[in-house]
Each structure stands twice: as C-alpha cells, then as structure tokens.
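Could you look this one over with me? My notes are below, in numbered points.

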Amino acid sequence: MTSTVAWSDLAFFYFIAIIPLSLLWSMGLKDLSRDLAISIVRMSIQLLVIGFYLQTVFDLDNLALNILWLVAMALIAAITSAGRAEMPRLKSAIPLTSAILIAMLPVLLMFIVVLSRTQAAHEKRESVSR
C-alpha cells in the first residue's frame, strides 16, 4: 500500500504557515518569525530525507534492518533524553535504550496483530475475487 501527499495539500500547509509568520512579523517579532521560518524549512528537509529513507527500508522489507532501525531510534531517543535531563549520555545510553525498547514492545505487538489481521483480510478478499 502506497500513500502519497498531494502537492495541493502540501501547498495548503505552507499557505497556512504563512498566517502565524505574518502575524509575528507584523507584531515586530522578527527574530521569532525568522526562527519559525527556519524551523519550517528544516522540518520539510528532515521529512523529505526520512521519507526517502523509510521508502528504502520498506522496499527492502528486511526484518534485521527493521529491528536495527528501531534500536537506532531508541538509542538516539535515549541519548537525547539523557542530555536534556543533564544525565551522563553514554553511561545512561544502555539503560535508557532498554527502557524505551521495553516500552515500545506492547505497541509493536499491537501493530503486528493489527497488521497481520489486515493483511489476512486483504489476502482473503483477493482469493475470493479470483
């Protein structure tokens, strides 16, 4: 299943973003409006890169790569959290990564159950239509 965002939807989002930018600018908060504009550009670039990366991961459909991706995300989240909490990043990385992975487990299992049911129903519909 492939899902795309229409260019018109994307343009509408950026058009909506112009409203707070204009308000901040007109109120004399030029630094804040500049920061918001930079954030929007940065977010767009990050989403584009992540989109290409995730498309590659899903095209490869490799369980080991998917698990590695989840562990990498948990590790980055752990290091970021430790830094924000002013904890030693490297010392806290393994315990925090473990905690994040354990917390992810119920959600992952739920997605696996839901997706396997969805896939089974889809396969059943395909076999009936043949």
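Where does Glu86 lie?

1. Glu86 lies in the loop between helix 3 and helix 4. Helices here are DSSP runs of H or I with at least four residues, numbered from the N terminus. Before going further: this is a predicted model, where local features need pLDDT of at least 70, side-chain atom pairs count only at pLDDT 80 or more, and totals for chains, interfaces and linings use all residues. Residues are numbered from 1 along each chain as its sequence is written, and side-chain values use heavy atoms, leaving out hydrogens and water.

2. The backbone at Glu86 is worth a look, with a positive phi of about 55 degrees although this residue is not a glycine. Most residues other than glycine have a negative phi. Glu86 counts as exposed at 74% relative accessibility. For the cut-offs, exposed means over 50% relative accessible area, buried under 20%, and partly exposed in between, using a 1.4 Å probe and protein chains only.

3. Asp61 is another non-glycine residue with a positive phi, near 45 degrees.

4. Helix 2 itself has 31 residues and spans 45 Å from first C-alpha to last, close to the 45 Å expected at 1.5 Å a residue. That expected span is 1.5 Å times one less than the number of residues. Ser33, Ile40 and Val57 are the buried residues of helix 2, and their cover includes helix 1 and helix 3 (63-84). Cover is judged by contact, meaning heavy atoms within 4.5 Å.

5. Helix 4 (residues 89-129) bends by about 35 degrees at Leu105, with a proline, Pro106, following within four residues. The bend is the angle between axes fitted to the seven residues ending at a position and the seven starting there. The buried residues of helix 4 are Ser92, Ala93 and Thr97, and helix 3 is among what covers them.

6. Helix 1 (7-26) and helix 2 (30-60) each give two or more residues to the nonpolar patch, and helix 1 gives the most, with four. Val5 sits in the segment before helix 1 and is exposed, with a relative accessible area of 62%.
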